[in-house]
Amino acid sequence: MSAALLSRWLLLGEWRAHRWQCLVAILAIMLGVALGFSVHLINTAAVSEFSAATKSLSGVSDLTVQATQATFDESLYPQLMQTDGVAAASPVLEIMAGVPAKADGRDDPALKILGLDVFRAATITPDLLGIPAEDQPFDTLSEDAIFLSPAAMEWLAVRPGDALQLSLGTKTVSLRVAGGLARAHAGQRLAVMDVGAAQWHFDHVGLLSRIELKLRPGVQHAAFKEALARELGAAYLLMEGRDQDARIRNMSRAYRVNLNILAMVALLTGAFLIFSGQVLSIIRRRAQFALLRVLGMTRRQILQQILLEGGLLGVLGSLLGLLLGYAMAAGALRFYGADLGAGFFTSLAPSLPLNPLAALLFFAMGVGVTILGSLAPAWEAAHTHPGPALKSGSEFVALRALRMPWLAGLCLLLAGVLTQLPPVFELPVFGYLAVVLLLVGGIAALPYLASLSFSTLLRGVDAQGRGVLRTLILARLSNASSLAAIALGGVLASFSLMVAMAIMVASFRVSVDNWLAHVLPADIYVRTMIHQDLRGLTPAEQQMIAALGGIERIDFMRSKSLLLDSARPAVTLIARPIDTRDPANTLPMTSDALPPAQMAATAIPIWVSEAMVDLYAFETGKKVTLPLTDPPQTFLVAGIWRDYGRQFGAIQMQLSDYRALTGDQHVSDAALWLASGMTAEQLITALDDLPFGTSLALSQSNQIRQRSLELFDRSFAITYLLELIAIGVGLLGVAASFSAQTLTRIKEFGMLRHIGLSRRQIRRMLGWEGGLLAGFGITLGFVLGVAISLILIFIVNPQSFHWTMQLYMPWTWLSLMALAMLGAAAMTAFAAGRRAVAGNVTQAVKEDW
Amino acid sequence: MHDDKNKPVLELCAVSKAYANRHVLSNLSYTLAAGEYVAIMGDSGVGKSTLLNLIAGLDAPDSGDIRLNGLALTGDDDEAATALRRRFLGFIFQAFHVLPHLTLLQNVSLPLLLNGLPLERAAVMLASVGLQGREQDFPFQLSGGELQRVAIARALVHRPRLILADEPTGNLDPDTAEEILQLIRAEIKANAASAILVTHSQAAAATADKILLLDRYGLAPLTMERTP
């Protein structure tokens, strides 16, 4: 009881006396926890929703049979129906159709249509059955009827009975909205129609996308799957629910992890703020703790008291952070979408679940980092000798314990070693660790480097023998370098992260811009409404385009998706004319390419994106098989190209090779070069006037480039926001540590006033101290930031997203940030000094603490 | 709390202490009787503060024994030394050392809380040092003399057997110093405590029962005993 009362008195007394410092600490933890928690909630909600929506398409299916290509021959269906162990099979044709009415909006104008056999689907995917009107019971079999989920009806603004225009390639199909679905997943845009009607309307006669299988009770799933896979061969993949889950999670994992790491950076900056706040508070109260030790408080009680103070700040900050995080997540989902603008989970409207376990985890992390931040200063305060600690000036002894140049050396060395290690589960775990170690090492090296720099400066000033104020400033900075380092740590941490992120994002943007210039050499690009349209442009349509006047050159391209691994998203195959002698004329090649002389005349070359090397080990010179034909054909990897458009891998090959192998004469895109004397507008008008002109999406290369960069900025908007908050927390730390340091020096200022320094001189002294410290921190932060950016650019990005980029230094932006930080730090120091010298001078020297 | 009033409060037996090969105390022995109030004088650096630190268990002698109320102080057991200090000692410092964010009543209550004793005596002690009605004031509202009164009340509130006062009037003007010295003596006697006053001031030392001189040869009486 007595101990608890004493603890409460000490705690409340301290908080009452320094409520602003407490508030800043709570705010820092609150922001860190809120960011981490909200990003986690959004990510979890989006992935769960996407996963649930995908699962709802498979119903109670045990196994999904899918081809490596988008479609396969329906003759497999009766074959599977007769396979031993199969209780039911449901054929599905999945079509992404364009909605002409939505073509001009910012939304993707694609609608997913499932063609189902209503009698088969009733057993396996009953939720997907269409509900016809009471007077039209056979609409489920009608060739012009389509059933829409509530989200699709709302999006398309149609009601049962309305007509709906859809397109595939250049073909337009008119269907009748016949009703809703039995039970569609909330927010999912989906349409269902009879499989035969879908095949006929969308030119997919005799083709299916997948077959859902329900196995007989007692059949061993694993053994059945293995036997069937053997029987079907490499052209087919068999997937269970967990494969689909893995694929969905893999799709956005790197992006989600990167966001989480950024949020954690804010939390760590908050932890550092707590650390510096606690160190300064303990230095200020060093004699008080010594007195309590003299009066009979044990070391353990002192330690407990300080940890309790820090821990309670953590508890309050974390609780508020959870509330704010939930509100932020709800707001972000409502206004920004489930993928925060990255484009992974479009057309989803996830609800925000209450997740007590995650809340508990983030609460524990918030409290944990606060206690960790308090531990070192608390330990020092509890174990210091009370006798000397009662005398003034002993704080410099206290800080000596925090000087750990060996730790700095060790961290920097270890960071260097970690950058050489490979990713773990395709995540740059060691890269992130190296960033953390660089930060810790940089902060630990601060006292030593500050002392070295400022004492050199001091010697220079002494040699010139002028300026008491300069001598006072430099003597303080060089002799109390540990104390200076605490304020500097905040500047260093936030500025280095700011620099690293600015360099990384600028490098990425410049690389993407250069890449776009390389991959968009033509003047006009033509495609149908939907990306990777299964139908695309027919040979006749291609001829009509080629026959238009004013075209100097035309390249046709065919895009297809290939599913090479059931646990990964599909890769993109692009067939187009490629300059085999020098592929760099067509593709943005890395330096890794096979000289044409080394390629056998019979070899079919392919050029793969960097992701293919990381994910499928498609290295230059390697012979690989692709399931384009049955049996699969062998190809030679002739080189690696850089692709910022498809994170999960892309393969390019000669269009002539593709056509010869597959017989597919359709194309997805056309790139047109203008002949001299022809303007883009004239050619676009000519294209519009074609019989199928209204089904075409026409873009000039600069428009695509502009739109792509807009998308880039949109997907990085959340990154900028997180970065800004981390910087805000860092600046808060600078303000808090400067003002706390000034408080610990009130006696010193009182003495200086007594010996003749004016208030103005002291304020100037503090302003200069703040400016010099911040300048030093900014310089060091710049060096550290560049080192971190190199890790982000050359390790974290390639290991997360499987692409490399060139280094670009945004000097103007960096200079502006440095000036803003310098100004903020000097102003904060000046303002803190103003407050410190405003008080009674006599009282300041009389104070015994 | 006073189990045996005749038992010596403090026994120093051949205590030696050196810092970095500089001998501060050599073979020092002294016994302080119950109720005895002695002043220790000596030149700067002779080891007066070191002696107080050793007695308080804040530092350990290199050799020799220190017994507080018959119980041995061992420097290597911080928990035990803290417990003895908490129970048997009271401190008065030159620089007052009053916690600035606690009220006067809370400051005086600290030793009671640490010893698990009832808090009622804190107000009584404040009243006895002349600060009745100021219980809820904060230290910044007090003068130096008043702050030292708070320190005296805090040193005696838990009825310790020994008070250690290190230059308690060093920061005060002569009139206030005289007043505080009389108060210290009165309160020590009223509470039947023993006390060691370390001072450079002859006038301050004169308020003690006995004045001892600490030099490199040890502790020796400086003047005749004074009658209580």
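Guide: Happy to. Let's begin in a loop: A:Asp203 sits between α6 (195-201) and β10 (207-208) of chain A. Keep in mind that this is a predicted model.

Visitor: What is phi doing at A:Asp203?

Guide: Phi of A:Asp203 is near 55°. That is a positive value, and the residue is not a glycine.

Visitor: Is A:Asp203 buried or partly exposed?

Guide: A:Asp203 is partly exposed, because it has 16 C-beta neighbours inside 10 Å. Buried would take 20 or more.

Visitor: Which residue of chain B has a positive phi although it is not a glycine?

Guide: B:Asn69, with phi of about 55°. The loop between β4 (63-68) and β5 (71-72) of chain B holds B:Asn69.

Visitor: And how many other C-beta atoms lie within 10 Å of B:Asn69?

Guide: There are 22, so B:Asn69 is buried.

Visitor: Zoom out. How many helices and strands does chain A have?

Guide: Chain A has 26 helices and 22 strands. Of its 849 residues, 47% are buried.

Visitor: What share of the chain A contacts join residues at least 24 apart?

Guide: 84%, counted among contacts between residues at least 6 apart in sequence.

Visitor: Where are the domains of chain A?

Guide: The domain assignment gives domain 1 as 63-239, domain 2 as 403-521 + 703-849, and domain 3 as 532-667.

Visitor: How many residues are in contact between domain 1 and domain 3 of chain A?

Guide: 15 residues of domain 1 of chain A are in contact with 15 of domain 3 of chain A. On the domain 1 side, seven are nonpolar, six polar and two charged. The centres of these two domains, taken over C-alpha atoms, are 29 Å apart.

Visitor: What is A:Thr419 in contact with, leaving aside its neighbours within four places in sequence?

Guide: A:Gly431, A:Ala434, A:Ile791 and A:Ile795. A:Val796 is 377 residues away along the chain, yet the C-alpha atoms of A:Thr419 and A:Val796 are separated by 9.4 Å.

Visitor: Which helix has A:Ala327?

Guide: A:Ala327 lies in helix α10 (residues 299-336) of chain A. With 13 other C-beta atoms within 10 Å, A:Ala327 is partly exposed. A:Ser38 is 289 residues from A:Ala327 in sequence, but 7.9 Å in space, C-alpha to C-alpha.

Visitor: Switch to the chain contact. How many residues of chain B are in contact with chain A?

Guide: 24 residues of chain B are in contact with 22 of chain A. Helices α2 (78-88) and α3 (104-115) of chain B each supply at least two residues of the chain B side. By class, that side has 13 nonpolar, six polar and five charged residues.

Visitor: At what angle does α3(B) cross α4(B)?

Guide: At roughly 120°, and the axes of α3(B) and α4 (residues 120-128) of chain B come within 9 Å. That angle makes α3(B) oblique to α4(B). The crossing is right-handed.

Visitor: Which residues meet there, α3(B) against α4(B)?

Guide: From α3(B): B:Leu104, B:Leu105, B:Val108, B:Ser109 and B:Leu112. From α4(B): B:Arg121, B:Ala122, B:Ala123, B:Met125 and B:Leu126. The contact divides into eight nonpolar residues, one polar and one charged.

Visitor: What about α5(B) and α6(B), what angle do they pack at?

Guide: About 10°, with axes 10 Å apart, for α5 (residues 144-156) and α6 (residues 174-190) of chain B. So α5(B) is roughly parallel to α6(B). Their crossing is right-handed. Five nonpolar, four polar and three charged residues make up the contact of α5(B) with α6(B).

Visitor: Last stop, α1 of chain B. How many of its eight residues are buried?

Guide: Seven, so to speak mostly covered; α1 spans residues 48-55 of chain B. Among the buried ones are B:Leu51, B:Leu52, B:Leu54 and B:Ile55. Just after α1(B), B:Gly57 takes a positive phi of about 75°.

Notes. Residues are numbered from 1 along each chain as its sequence is written. Chains are lettered from A and ligands numbered from 1 in the order in which they are written. This is a predicted model: local features need pLDDT of at least 70, side-chain atom pairs count only at pLDDT 80 or more; totals for chains, interfaces and linings use all residues. Domain bounds come from an automatic or database domain assignment. Two residues are in contact if their C-beta atoms, placed from the backbone, lie within 7 Å. Ala, Val, Leu, Ile, Met, Phe, Trp, Tyr, Cys and Pro count as nonpolar, Asp, Glu, Lys and Arg as charged, and the others, Gly among them, as polar. A residue is buried if 20 or more other C-beta atoms lie within 10 Å of its own, exposed if 12 or fewer, and partly exposed in between; C-beta atoms are placed from the backbone. Helices (H or I, at least four residues) and strands (E, at least two) are DSSP runs, numbered from the N terminus. Axes are lines fitted to C-alpha atoms, for helices over the stretch in contact, and angles run from 0 to 180 degrees between N-to-C directions. Angles under 35 degrees count as roughly parallel, over 145 as roughly antiparallel, 65 to 115 as roughly perpendicular and the rest as oblique. A crossing is left-handed if the near helix is turned anticlockwise from the far one by less than a right angle, and right-handed if clockwise.
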